[in-house]
Amino acid sequence: MKIQYTIRIIIINLLFVNSCKPKNKTMPPANQATIVDFNNIKQIELKGDAKVVRGCLRLNGANSSAVGAAYYKSTMSEYFESEFTFKISELGNGGGDGFTFLLSKNIPELSIGEGIGYQGTKASLAVEFDTWQNTNLSDPNDNHISIHTNGQDANNADEKYSIAISDKITILSDGNSHIVKVVYKNKVIEVFLDGKSSVRAFIDLNSKLGLNGPFYIGFTAATGGSYEIHDICSWTFKNF
């Protein structure tokens with residue numbers, strides 16, 4: 001009986017000690033990535049034609065003059081990393097116009113066609129994945145990545161607002177899944193497509209855009225007379 005009583009006391013003590021330990025979910029490890037669950041609609045806010053289809057975030061359907069946006073509001077630190085997969089499919093009339101990865105102090109504006117869903121959004125930075133050549137905007141071709149900002153004023157898809165651009169990339173609208181990583185560190189933003197560095201630029205997001213507090217992070221997409229489906233099928237981000 002004495003042995004059983006002693007064992008019982010030990011077990012009670014162990015339970016008490018474990019109950020006093022902090023839980024991991026309240027103290028996440030440093031640099032832990034936030035995984036956005038598209039099936040949990042409470043995590044993200046959708047605008048326009050954006051919706052969740054078969055576990056992917058569909059920014060727009062196969063329609064002309066469509067526009068959609070999805071964003072997640074988070075207090076980001078000075079530096080961050082975000083990774084996502086995308087697929088562009090079901091091209092009509094040649095396909096277009098593309099989608100963006102967007103950082104914005106304000107809720108994104110919605111603009112169809114050449115505005116790729118973000119044009120007019122103040123205090124924003126857009127990484128364009130542009131699939132339609134608008135010669136009036138000085139696009140180099142119909143397959144390029146370009147980083148656009150107009151500081152704290154309204155952003156614009158015209159290439160004169162680009163701070164870095166590259167058309168030496170794989171075909172964006174080939175119907176396959178592609179992986180993108182966007183890294184902002186030491187006041188340099190760099191975009192990797194399928195593991196290869198595509199564009200990079202020096203920019204101070206705090207002083208240039210005023211992104212020194214909570215801001216929106218997400219995606220926009222649009223079509224014009226030509227169209228294509230823009231799907232985002234996974235998305236993570238983390239602070240450094």
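**View 1. The disulfide of Cys56 and Cys233 is right-handed, with 110° about the S-S bond.** The model shown is predicted, so local features need pLDDT of at least 70 and side-chain atom pairs count only at pLDDT 80 or more, while totals for chains, interfaces and linings use all residues. Residues are numbered from 1 along each chain as its sequence is written, and side-chain values use heavy atoms, with hydrogens and water left out. The sulfurs of Cys56 and Cys233 sit 2.0 Å apart. Cys56 belongs to strand 4 and Cys233 to strand 15, so this link ties together parts that are 177 residues apart in sequence. The count of disulfides comes to 1 (a pair of cysteine sulfur atoms within 2.5 Å). How covered are the two ends, Cys56 and Cys233? Cys56 counts as buried at 14% relative accessibility, whereas Cys233 is partly exposed at 31% (buried is under 20% relative accessible area, exposed over 50%, partly exposed in between, with a 1.4 Å probe and protein chains only).

**View 2. Strand 4 has antiparallel partners in strand 3 and strand 15.** (Strands are DSSP runs of E, at least two residues, and helices are runs of H or I, at least four, numbered from the N terminus.) On one pairing, strand 3 (residues 51-53) meets strand 4 over 3 bridges (two strands pair if DSSP finds at least two bridges between them). Here Val53 stands opposite Cys56. The hairpin of strand 3 and strand 4 has 2 residues between the strands, and Arg54 takes a positive phi near 50° there. On the other pairing, 3 bridges join strand 4 to strand 15, residues 227-239. Look for Asn60 opposite His230 in that one.

**View 3. Phe86 and Phe99 are partners in an aromatic pair.** The structure holds 15 such pairs (rings of Phe, Tyr and Trp, using its six-membered ring, with centres within 6.5 Å; planes under 30 degrees apart are stacked, over 60 edge-to-face, the rest tilted). What makes the pair of Phe86 and Phe99 tilted? Their planes are at 55°, so the pair falls in the tilted class, with ring centres 4.9 Å apart. Phe86 comes from strand 6 (residues 80-92) and Phe99 from strand 7 (residues 98-104), so the pair ties together parts that are 13 residues apart in sequence. Phe86 and Phe99 are both buried.

**View 4. Phe219 and Trp235 meet edge-to-face.** Their planes stand at 70°, so they get the edge-to-face label, and their ring centres are 4.9 Å apart. This pair links distant parts of the chain, with Phe219 in strand 14 (residues 215-222) and Trp235 in strand 15, 16 residues apart. Phe219 and Trp235 are both buried. Zoom out and they turn up in one aromatic cluster along with Tyr72, Phe84, Phe86, Phe99, Phe101, Phe129 and Phe237. Over at Phe240, the charged end of Lys185 sits over the ring, 5.3 Å from its centre (NZ of Lys or CZ of Arg within 6 Å of the ring centre and within 35 degrees of the ring normal).

**View 5. The largest nonpolar core has 42 residues.** Its members with the most contacts inside it are Phe84, Phe99, Phe101, Phe129 and Trp235. Apart from it lies another core of 6 residues, among them Leu102, Ile116, Tyr118 and Ala157. (A nonpolar core is a set of buried Ala, Val, Leu, Ile, Met, Phe, Trp, Tyr and Cys residues joined through side-chain atoms within 4.5 Å.)

**View 6. Leu125 is buried, with a relative accessible area of 0%.** Leu125 lies in strand 8, residues 124-130. Which residues does Leu125 contact, leaving aside neighbours within four places in sequence? They include Phe101, Leu102, Leu103, Ile147, His148, Ile163 and Leu209 (contact means heavy atoms within 4.5 Å). Ile217 is 92 residues away along the chain, and its C-alpha is 9.8 Å from that of Leu125.

**View 7. Ser198 counts as buried, at 17% relative accessibility.** Ser198 has its place in strand 13, residues 196-202. Setting aside neighbours within four places in sequence, Ser198 touches Ile145, Ser166, Ile169, Val191, Phe192 and Leu193.

**View 8. The whole chain holds 2 helices and 15 strands.** Of its 240 residues, 48% are buried. Among contacts between residues at least 6 apart in sequence, 65% join residues at least 24 apart.
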